[in-house]
Amino acid sequence: MSSVSVSRVLPPALAAGVLCALVLSGLQPHDRLTWVLETFWVIVGLPVLVLLWKRFQLTPLLCCLLAAHALVLIVGGHYTYAEVPFGHWLQDTLGLERNPYDRIGHLTQGFVPAILVRELLVRTSPLRGSAWLAPLTVCGCLAFSAFFEMIEWWAALAGGASADAFLATQGDQWDTQWDMACALIGAVLALTLLSRFHDRGLARLTAPTAAPAASPAVPA
């Protein structure tokens, strides 16, 4: 299958898969309030992407990463981060003191937005090829992570004990600092591992369409 065909088929397939997962996760979640709070970004983000797609298409790499991030949020919303079965399996296998799925979620919170921020900066600012691109991308991811921690703080103030499942601190007084550290590590890893591959995808996406061949001159 050609790259053009993949770029046309992949986004709607990913969107359909995420939508199905979202609907299924909403059937008898562990805690309805946590499900709403955790999947809010998916509920809002998916329609926005669909509405803006014709004017601002994304690279296939970013589409795949966004879908993966959505699934992480959806699973965490359904079970709550402290009760995800995969996290319990990791906890038992590695002998950890807590369910690490929350750490995975915050690592993803840095990894995926790093490519999103990078793509937006490359395509909408003069930073393409600039040495400032990577540092500013990491700063953007850290800013989002800090903002998310503030959302958790507001949720704790508003919801009290009912927001415990959303916070998923599991008794760790340094949970906020660990969350932001995981986001930082994720952002740096994404830029280190995927920047070159991302550049190739951006080049294909933004390449000008070839002009049609001129009609042969008709002799007088």
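1. Among contacts between residues at least 6 apart in sequence, 73% join residues at least 24 apart. This holds for a predicted model, in which 36% of the 220 residues count as buried. The protein exposes about 12800 Å², and carbon and sulfur atoms supply 71% of that area.

2. As to secondary structure, the protein has eight helices and zero strands, so that, in the sense of the DSSP runs used here, the order from the N terminus reads α-α-α-α-α-α-α-α.

3. The largest nonpolar core comprises 14 residues, and Leu61, Leu65, Ala114, Ile115, Ala187 and Leu194 are those with the most contacts inside it. At least two residues of this core come from each of helix 3 (60-79), helix 5 (101-124), helix 6 (133-159) and helix 8 (175-206). Leaving aside residues up to four places away in sequence, Leu61 touches Ile115, Leu194, Phe197 and His198.

4. Another core, of 13 residues, lies apart from the largest one, and includes Ala67, Leu73, Val84 and Tyr101. In soluble globular proteins, nonpolar side chains tend to be buried together.

5. On confidence, the mean pLDDT of the protein is 85, with 82% of the residues reaching 70 or more. Helix 3 has the highest confidence, at a mean of 95, whereas helix 7 (residues 164-167) has the lowest, at 53.

6. Over residues 209-216 the pLDDT stays under 50, and for this stretch the model has zero contacts beyond four places in sequence. Where pLDDT is low, the predicted coordinates should not be read in detail.

Terms used:
Residues are numbered from 1 along each chain as its sequence is written. This is a predicted model: local features need pLDDT of at least 70, side-chain atom pairs count only at pLDDT 80 or more; totals for chains, interfaces and linings use all residues. Side-chain values use heavy atoms; hydrogens and water are left out. A nonpolar core is a set of buried Ala, Val, Leu, Ile, Met, Phe, Trp, Tyr and Cys residues joined through side-chain atoms within 4.5 Å. Buried means under 20% relative accessible area, exposed over 50%, partly exposed in between (1.4 Å probe, protein chains only). Helices (H or I, at least four residues) and strands (E, at least two) are DSSP runs, numbered from the N terminus. Contact means heavy atoms within 4.5 Å. Accessible areas come from the Shrake-Rupley method with a 1.4 Å probe; for residues, only the protein chains shown count as cover. pLDDT is the predictor's confidence in each residue, from 0 to 100.
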